[in-house]
Amino acid sequence: MTAAAIDARGLGKDYGPVTALDRLDLEVRDAEFFGFLGPNGAGKTTTVHLLATLLTPSRGSASVAGHDVRLDGLAVRRSIGLVFQETTLDRDLTIEENLRFAARLWNLPDREAGPRIDALLRQFGLDERRRDLVRTLSGGMRRAADIARGILHQPRVLFLDEPTAGLDPRARRSLWDLIRNLRAASGLTVFLTTHYVEEAEPCDRVAVMDRGRIAALGTPAELKRAAGVASLEEVFLARTGHELAESGTT
Amino acid sequence: MRAVYGIVVREFVRFLRQRGRALSSVARPFVWLIFAGAGFAAVFAGRSEIDYRVYMAPGLLGMVVMFGSLLAALSTVIDRDAGVLRLMLVAPIRRGTVALGKTLGATLVGTAQAVVVAAILLPVVGLTPTPAGALLALVAVVLLGLALGAIGVVLAAGMRSIENFAGVMNFVVFPMLFLSGALYPVRHLGPVLHVLAHVNPLAYGVDLLKHALLTRWTDAGYGGELPIALDCAALALFALAGLAAAGPLLAREGGVARAAFRERR
């Protein structure tokens, strides 16, 4: 396919009088690792939910994997995987049951889902715990299971919404290894939102979001050069400083 | 459809896994039979046409379905909190499919409970249904499960948190129960309550169950009172109306990103 993985034009969302996302123009290329960096409340999750058709845009348009989010929500949802900030696993089911449940929601026949689930569980180091209830797993394992769930149906575009929130450094590291391997193996487009600057460093391109707008866009190297600073963190602070000072949230 | 099947399976596995919930749902009607049964039997004493505990049996089965299906459907609120609802909403299925899956899952949970309870309760009170009666009772249980399951999903879609649960118990479950004819005939109630009984799905379900189980006592005034077709039609109507309303309600935004945004500000 030649269409961009994500193509947003003037995309915006208001919650009552509050503008969460102003007018977003953004093109994410196929197989790109795209970072969406910004402080809390910058409109990152709103953007992801608009692109995933969980929200209806207040203005503008967008297409994901060539499908219009307003007109063809089902096709969009078929093409994407979405790992939410908070886990979507059922704590009273085992990992395997959760994946089977997701496979059925994505209309995968059981005989096709079985081998895929086996492979993912091995790949994600969850094989030995597959029959354990999710409530008994560590945060890192749950996250890994969430991501396995997100790519089970082999999406073209994977959205990761602050995937490392609440994980310890070791779990974080293994999560990034996992995502790197996935991208290398499948050419998957990954759209990552984060407020951790260092997580955006390996991205092909990064958009720095601030109060519902893109404050800066480019490769990490370009952004540093343009701002005349040595680290992406300084770019982040320079572009979003006032917001941080106001909100004071973490 | 595979997604509906997946949702139903999940619902049932969850039910079986919650041992306490499964056991108490089966025990509940017997607690009513022993305590409410004793009390009402004393009040009804002197009317020799029917043993009160026999009279109560269809109502208790209706009650089992009500608690089983309604509570299972209300678990959609818990799904929202736990994030599972989000997963269902981001899956490539229609909102109506989610509502249908939850409703059918709730129906299955309520029906399974009713079948287990009936297998113990009917011999205990000495009721032996005819084959036709047993079949009609099963139809009643399934239709009632569908109606209450759909209504439960609608209620859950409108609820923001599990804290509204008590309100549902007080203003939905108990009025439904007391205006259903499960414990006493509603025809003796005043006109206002009598009218309310006619918008009560449980009343139609219990009436249908009485048709199925209390045929022998129809002449004495304890059997079903409404035409069987009307009972079935009313229950089907509740189910369809609930399903039609539940899809759009579940899809209503605000449940997902908006709440997160509000917390941030």
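## Close-up views of a predicted two-chain model

**Figure 1. A network of salt bridges.** Asp90(A), Asp92(A), Arg135(A), Arg10(B), Glu11(B), Arg14(B), Asp79(B) and Lys102(B) are linked in a network of salt bridges, a salt bridge being a side-chain nitrogen of Lys or Arg within 4 Å of a carboxyl oxygen of Asp or Glu. This is a predicted model, in which local features need pLDDT of at least 70 and side-chain atom pairs count only at pLDDT 80 or more, whereas totals for chains, interfaces and linings use all residues. Residues are numbered from 1 along each chain as its sequence is written, chains are lettered from A and ligands numbered from 1 in the order in which they are written, and side-chain values use heavy atoms, with hydrogens and water left out.

Figure 2. The side chain of Asp90(A) forms a salt bridge with that of Arg10(B) at 2.6 Å, N to O, and another with that of Arg14(B) at 2.8 Å, N to O. The pair of Asp90(A) and Arg14(B) crosses between chains, from the loop between strand 6 and helix 3 of chain A to helix 1 (residues 2–17) of chain B; helices (H or I, at least four residues) and strands (E, at least two) are DSSP runs, numbered from the N terminus. Asp90(A) and Arg14(B) are both buried, where buried means under 20% relative accessible area, exposed over 50% and partly exposed in between (1.4 Å probe, protein chains only). Arg14(B) also meets the side chain of Asp92(A) in a salt bridge of 3.2 Å, N to O; because Asp92(A) lies in the loop between strand 6 and helix 3 of chain A and Arg14(B) in helix 1 of chain B, this pair too joins two chains.

**Figure 3. The interface of chain A and chain B.** The contact (heavy atoms within 4.5 Å) takes 38 residues from chain A and 31 residues from chain B. The buried area, that is, the accessible area (1.4 Å probe) that two parts lose on being put together, summed over both, is about 3,400 Å² between chain A and chain B, with carbon and sulfur atoms giving 63% of it. Phe101(A), Arg104(A) and Leu105(A) supply 20% of the area that chain A buries against chain B, more than any other three residues.

Figure 4. The side chains of Asp118(A) and Arg130(A) meet in a salt bridge of 2.7 Å, N to O. Asp118(A) lies in helix 4 (residues 110–123) of chain A and Arg130(A) in the loop between helix 4 and helix 5 (139–151) of chain A, so the pair ties together parts that are twelve residues apart in sequence. Asp118(A) is partly exposed, with a relative accessible area of 27%, whereas Arg130(A), at 13% relative accessibility, counts as buried.

Figure 5. Strand 7 of chain A is mostly covered, since five of its five residues are buried. Val157(A), Phe159(A) and Asp161(A) point one way from the strand, and Leu158(A) and Leu160(A) the other way. Two strands pair if DSSP finds at least two bridges between them. Strand 6 (residues 80–83) of chain A runs parallel to strand 7 of chain A and is joined to it by four bridges, with Ile80(A) opposite Val157(A). Five bridges join strand 7 of chain A to strand 8 (residues 189–194) of chain A, also in parallel, and there the bridge partner of Val157(A) is Thr189(A).

**Figure 6. The buried residue Thr164(A).** Thr164(A) sits in the loop between strand 7 (157–161) and helix 6 (169–186) of chain A and counts as buried at 0% relative accessibility. A polar contact of 2.4 Å joins its side chain to that of Glu199(A); a polar contact is a pair of N or O atoms within 3.5 Å, where, within protein, one must be able to donate a hydrogen and the other to accept it, and residues adjacent in sequence count only if both atoms are side-chain atoms. Leaving aside neighbours within four places in sequence, Thr164(A) is in contact with Arg172(A), Leu175(A), Trp176(A), Tyr196(A) and Glu199(A).
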